[in-house]
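Dear colleague,

Please find below the structure that I am handing over to you. My findings follow it, and I would be grateful if you could read them alongside the coordinates.

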There are 2 protein chains.
Amino acid sequence: MDPGSTLSAIASQAGVSVSTVSKVRNGGTDVAPATRARIAALLRQHGHQVVSARGFGVVDMLIGALHGPWSEELLRGAVEAADELGVSVLVNTAADHAAYSRWLDRAAARGTSGVLSVLREPSEADLRKLARAKIPLVLIDPPREPTAGIRSVGTTNWQGGLTATRHLIELGHRQIAVISGQEGVWSSRARLEGYRVALAEAGLPADERLICHGNLSPDGAHDVTAVLLDMPDPPTAVVAGNDGQAFGVLQLLGERGLRAPRDLSVIGFDDVPIASWASPPLTTIRQPLAAMAATALRLLLSGSAEPHHIELATTLVVRQSTGPV
Amino acid sequence: MDPGSTLSAIASQAGVSVSTVSKVRNGGTDVAPATRARIAALLRQHGHQVVSARGFGVVDMLIGALHGPWSEELLRGAVEAADELGVSVLVNTAADHAAYSRWLDRAAARGTSGVLSVLREPSEADLRKLARAKIPLVLIDPPREPTAGIRSVGTTNWQGGLTATRHLIELGHRQIAVISGQEGVWSSRARLEGYRVALAEAGLPADERLICHGNLSPDGAHDVTAVLLDMPDPPTAVVAGNDGQAFGVLQLLGERGLRAPRDLSVIGFDDVPIASWASPPLTTIRQPLAAMAATALRLLLSGSAEPHHIELATTLVVRQSTGPV
């Protein structure tokens, strides 16, 4: 069979035009990923070589640091959504600028349908390079204020901080501390502002001594909690900046022979898979990490510039680390 | 410039022969990944299309379920090793046979340098399909007894069980319980046998009432611990089957107003990144997950059938959940 007639046979088998088959064979980019994968498989079955170009069905996921129990949830969401769309997910880390450049050069050379960037915002130079290589980009959980220039997917951090604090107020708490992440991190700031609003709507004064900052890990929260408990009028509840911080609060309690929620109510943020491993299991604000990654992947492949920012809803997950005052 | 002279220019720039450049351009498989990536990038810079074939620099990582804090460590190890070798890691999940087949068809269609299979052993039919598609395979943490037929990388589970139990014996414990994973899981069985040997070498009798089984999650261990503590002569220490089980032991202690190590010493297995988040931080047996994945990746790309099984060493990490009897 001559090549031309094989192409028409494949076209009719795949239910597409011969020109679409030809496009896929030559590495053209304007064929939907799932269709492309189906046609490419048929082409290869018939002995054709298929050019690997942009859009050959691989999406790059670039994670700032693969270290933290929530990255696996994001990855799971991206992999499951990619499976449905017939594309595959390449995972990369980029702890520093050199690693980012190395990834970018490699991705440009082999081709990619786009990049999901987690916890890392490309520099202006990186953005120019991405644009030159025509590599689409969607940020997940952008570290700074979202802008119209870069598409991004996050969660309702502000409302989450509000919900967490309201939950404690409804339990009768009036002395509520908050441990926030580093100042300047967009999600941490939004959560903190939600805390302030919940106090205000309940007519409670904001006591600046109860507003603390620490890195988003157990260690920082552990030390901050010691300071809070040594106050003459210590708080009865704490809103942690994330689940890692909540684990640190529980560690300090354990060291002092205290226990949540009897001695201090603690609420986390994220609902990482191991939030239920805590002693006691953590009450927390769930951000739908897997769904965020899936949404980002679909946005990436949609080719649309709008909407430029999507926030998926947070939900309160009540376990056992919070209770009545 | 005609195509032939571009190829020689690229060959001299890359320091390889023209036939190597031509091989990469045509999707040949016998060029080292890093060299291939360099040549492919030059070819594309000069406007050549490079055929995507087996060995275009992508390795598939197939994870049974992306759910559990240790999968991220394996992934990190694979991604870092891949970065050094100039290849990329595609992540896939295969919770069931249908998902596995879907992945296999797609991988065969687009090409892959090989597959790292985590916590999932392909069926005989899968193995035949892999062999037909000439896709190399390395298992990580094989669920059953390693055989010469499939290359695999694991850790010294038997010695780890021995080391964990010796640590408790050295602290003066004589009544030591063990919570093992499901019977029939290779790594769980090896850890349990290590426990038995440690008791025997210390001249301690094995009390079958202290040998328990549960799934490798907090829940199972939580319930087993309640039974152990209700014995007339309860154990003073527990060897958990993994860190998840150790978290479950700590949860039960907390519910009863007890605390490790004062009331019960607990040692885990794995040293997942969040082992230090426990209250108190977990003493555990570290399996070098990232190094295991990196070793598996190098073995996969080496093309060698030997060695067919590698075990990387476990180490004791002493934190605060174990103490003198």
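Two strands are taken to pair if DSSP finds at least two bridges between them. Please also bear in mind that this is a predicted model.

In β4(A), A:Val138 is the bridge partner of A:Leu116. The two strands concerned, β3(A) (residues 115-118) and β4(A), pair in the parallel sense, and four bridges connect them. Between them the chain passes through helix α6(A) (residues 124-132), and this β-α-β crossover from β3(A) to β4(A) is right-handed. β4(A) also pairs in the parallel sense with β5(A) (residues 151-155), here over three bridges; in that pairing A:Ser152 of β5(A) stands opposite A:Leu139.

Which way do the residues of β4(A) (residues 137-140) point? A:Leu137 and A:Leu139 point one way, A:Val138 and A:Ile140 point the other way, and all of them are buried.

As for chain A as a whole, eleven helices and twelve strands are found in it. The C-alpha trace spans about 85 × 35 × 35 Å along its principal axes. Of the 325 residues in chain A, 52% are buried. Among the contacts in chain A with a separation of 6 or more, 73% are between residues 24 or more positions apart.

I turn next to the contact between the chains. Chain A contributes 42 residues to it and chain B 43 residues. On the side of chain A that touches chain B, α3 (33-45), α4 (69-85), β2 (88-93), α5 (97-110) and α10 (243-255) each supply at least two residues. α4(A) gives the most, with eight residues. By type, the residues on this side of chain A comprise 21 nonpolar, 13 polar and eight charged.

Strand pairing also takes place across the contact: β2(A) and β2(B) (residues 88-93) run antiparallel and are joined by three bridges. There, A:Val91 stands opposite B:Val89 of β2(B).

Yours sincerely

Conventions:
Residues are numbered from 1 along each chain as its sequence is written. Chains are lettered from A and ligands numbered from 1 in the order in which they are written. This is a predicted model: local features need pLDDT of at least 70, side-chain atom pairs count only at pLDDT 80 or more; totals for chains, interfaces and linings use all residues. A residue is buried if 20 or more other C-beta atoms lie within 10 Å of its own, exposed if 12 or fewer, and partly exposed in between; C-beta atoms are placed from the backbone. Two residues are in contact if their C-beta atoms, placed from the backbone, lie within 7 Å. Ala, Val, Leu, Ile, Met, Phe, Trp, Tyr, Cys and Pro count as nonpolar, Asp, Glu, Lys and Arg as charged, and the others, Gly among them, as polar. A crossover is right-handed if, with the strands pointing away from the viewer, the path from the first strand over the helix to the second runs clockwise.
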